[in-house]
Every structure is written in C-alpha cells, then in structure tokens.
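Biologist: I'd like to learn how to read a model like this one. Can we go through it feature by feature?

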Amino acid sequence: MDPIYIVLAVLAAVALVGGLWYLVSRRPGSELPPEVTAHKPVSAEEATAPTPAPHATLDLPESIPGRMQRLRARLAGSGGFGRAVLSVLSRGDLAESDWEEIEDTLLTADLGLEVTTSLMERLRTQAKVLDTQDPQAVRAVLRAELLALVDPSMDRSLNLAKPAPAAGLESGTPAAAVLMVGVNGTGKTTTCGKLARVLVAQDKRVVMGAADTFRAAAAEQLTTWGERVGVPVIRSAKEGADPASVAFDAAQAAAAQEADVVLVDTAGRLQNKAGLMDELGKIKRVMEKVAPVGEILLVLDATTGQNGMRQAQVFSEAVGVTGIVLTKLDGTAKGGIVVTVQRELGVPVKLVGLGEGADDLAPFDPEGFVDALLG
C-alpha cells in the first residue's frame, strides 16, 4: 500500500478516537471543578457516614433602634384622645359644653375618674391665662400635662443584672430571672417569645421555660419562638406537670449554660381563683432556690380598660409585679390605661406590643407616646 494512504489512515483513526473522547468528556456532570489539585483518599468510615443535615436558618431580630423608629408611627393609633382634646382647646372662648366634651373624651380613654378630674382642673386653670387661639401654645400645655401623667421619671429598664447564687444552685452562674404572668388571652406566651427576640438583639444569651403545663399548645408555641432565634426552651415531657418544677429546671439549665437571662412563661391565671394565684407564688419561691427573681412582668391587654386594672391589682398582691407589658396598644382608643395602671400599682409600663409581627415589641417611650397622642 502506498505510504501516503497509510499515513492518512492513521491520522483519520487518531481524529476519530479524539472526537469520541471529546464527546464523552462533555457529558453532563463530567466537568471537573476549577483549581482541582490532587484527589484526597476517602476512608471507609467517611464513605459510609451519613450526610449531615443542614443547619436551620435562624431569624435575625431587629435591633432596638430600628424597631423603635419603625414602631413609633404606630403609637399614633394607640388612642386619639390627645388630638381630640387638643382640637377642643384650640377653639378659644370655651363654653361649659366644650369642657364637658373634653371630660367625656378623657373618661372614655380609660384615664379614670380621679386622673380625669385632676387633669380637668389643671387645664381649666391654664386656659384662664393662656391664649387658646394659639394652637402651639395649647399643644405645649397639653403635652406637658400628659407627659407629667405618664411620668417619664419612672425607671423602665429591665432588671437583668445577674443575681448572687442561692443554696439550691447545682452548678454554673445563675441567670437574671424574668417571670411572665397574666390572664388568658392577653398574649403572654407570644410576648415571652418576642421578649426573647429583643434580648437576643441585645446579644443576650437566653433560656426560656414553658411553665404553662396545662396547655400543650403553649409549650409548642414557645418552642417555635425559641427555634426561630436559637433560644433553648425547657419544657415538661408530659402535659399537666408541676409548673414550679419546670420553672426550677429552667433556672438550673440557664445557670449551667451560663445564660444571661431565663424567661419563664406561666399559665394564664383567672384572677378570681385563689388556688391558681397561690401557685404563682409557689413558682416564684421555687425559682428563688436557684436565684432571686429580678423581674415579674404582668402582661395586660390594653383594650380591656378597667377590667385590666382589676387584673393588675390582684396579680400585684399575689406576686409583687415589677413592670407592665401592654399588648395590643396599637389601634385602641384606650391609651389612658398607661396612666391608670402606673398610678394604681406604682410600677412602670416597661414594654408595649404594637402589632402582630415578630419584632412588634419595644420599650415604652413616654415622650413618643404623648407626641403620638397629640399627632
């Protein structure tokens, strides 16, 4: 055979083999990642080991400055009685019917008879020396009076200082203990979860205790809140367990984990059931075998008005409330309960719930509240 034909045949064979190799190497999934250096041997243990589950994605709670800025506008819906009173005062030359209209507005805003009477006297006195034709002057007077009622001098910070350990502490350093109390339907369990988010946003290590052992749904709800921000929840394996035992375990676990704060949710108590109120006292006593309880926060529904006041008085007598959390303050025309509950109990409103969102809980801002009332 002519040598030329032999060379051509060899070149054709090489081209055919090369083309087939190229087609095979380009099949899906056959590409090698860039910068591959050397193959690492895999042991038998690694080859048979299960693939680890991906980590759950945690929520990033909103910072305190961020939520305050976002929620301040919502305070405008927490009772328009300030704007209503301001509009009447600005009419000038007020008749007795105008003063009656102001009084009715204050009473329906849940300021209470005693507070309303006192405020009416001060407003009448100021009206005699004030040019009520000047809206800015009227607003300044009313703002000063309302701010004095809300009392910005009250300490609204949460007591989260780590306490000294008690004799019953098994190990670790005790966490600051916060006990959440209140009747059914006020949003207590939800508030406990939201408060955990607030504390996590402040870089606090938190443990929650589900001491509402009469409702399985309450423990499940609290666990869900905890999972969203990476907060462990101590709960009983069985429904109807001793709430005080769960609270004690939560305090011990928080100490062992070197947590900063332990939040304990309790069952909604009917304020006319002496036995159930006594149980709250037991929970507090048992927790204090680990360390003193620094905060007892009473969760009140701002829309309940004077009924909420009766609840507050009973709880305060039972366990010594240190602060108030007012939920559902947005959209209610009864913002006066802020003033009333503080005067009756002598304890401040420390936190307010202004919506149903996960981060719709914020520290109470007296000046922001009054300014929102006046528009």
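Modeller: Let's start with E258, which sits in the loop between α10 and β4 (261–266). Helices (H or I, at least four residues) and strands (E, at least two) are DSSP runs, numbered from the N terminus. This is a predicted model, where local features need pLDDT of at least 70, side-chain atom pairs count only at pLDDT 80 or more, and totals for chains, interfaces and linings use all residues. Residues are numbered from 1 along each chain as its sequence is written, and side-chain values use heavy atoms, with hydrogens and water left out.

Biologist: What is the phi of E258?

Modeller: First, the general idea: most residues other than glycine have a negative phi. E258 has a phi near 55°, a positive value in a residue that isn't glycine, and its place is just after α10.

Biologist: Which way does phi go at K328, positive or negative?

Modeller: Positive: K328 isn't glycine, yet its phi is near 60°. You'll find K328 in the loop between β6 (323–327) and α13 (337–345). There's one to spot just after α8 too, where D203 takes a positive phi of about 65°.

Biologist: Why does E258 count as partly exposed?

Modeller: We go by relative accessible area: buried means under 20%, exposed over 50%, and partly exposed in between (1.4 Å probe, protein chains only). E258 comes out at 32%, so it counts as partly exposed. K328 is also partly exposed, at 39%.

**Helices**

Biologist: How many residues of α10 are buried?

Modeller: 11 of its 14 residues, so α10 is largely enclosed by the rest of the structure. Among the buried ones are P243, V246, F248 and Q252.

Biologist: What span should α10 have?

Modeller: The expected span is 1.5 Å times one less than the number of residues. For the 14 residues of α10 (residues 243–256) that gives 20 Å, and the end C-alpha atoms are 20 Å apart, which agrees.

Biologist: Which residue caps the N-terminal end of α10?

Modeller: D242 does, with a side-chain oxygen 3.2 Å from the backbone nitrogen of A244. A polar contact is a pair of N or O atoms within 3.5 Å; within protein, one must be able to donate a hydrogen and the other to accept it, and residues adjacent in sequence count only if both atoms are side-chain atoms.

Biologist: How many residues of α8 are buried?

Modeller: 11 of 14, so α8 is largely enclosed by the rest of the structure. K188, C192, K194 and R197 are among the buried ones.

**Pockets and cavities**

Biologist: How much space lies in the largest pocket?

Modeller: We search a 1 Å grid over the protein atoms alone: a cavity is a set of points where a 1.4 Å probe fits but cannot get out, a pocket is an open set with protein on both sides within 12 Å along at least five of seven lines, and lining residues have an atom within 4 Å of a point. Points are joined across faces, edges and corners, and a volume is the space filled by probe spheres set on them. Here the largest pocket holds about 230 Å³. It is lined by 14 residues, and K194, T327, K328, G355 and E356 are the closest to its centre. Helix α8 (residues 188–201) gives the largest share of that lining, three residues.

Biologist: Which classes of residue line the largest pocket?

Modeller: Ala, Val, Leu, Ile, Met, Phe, Trp, Tyr, Cys and Pro count as nonpolar, Asp, Glu, Lys and Arg as charged, and the others, Gly among them, as polar. The pocket lining has one nonpolar, eight polar and five charged residues.

Biologist: How many cavities are there of 30 Å³ or more?

Modeller: Four. The largest cavity has a volume of about 70 Å³, and of its 11 lining residues M68, L75, L354, P363 and D365 are the closest to the centre. Its lining has eight nonpolar, one polar and two charged residues, and α3 gives the most, with three.

Biologist: How far apart in space are F369 and R74?

Modeller: 9.7 Å, C-alpha to C-alpha, although 295 residues separate them in sequence. F369 belongs to helix α14 (residues 366–374) and is buried at 1% relative accessibility.
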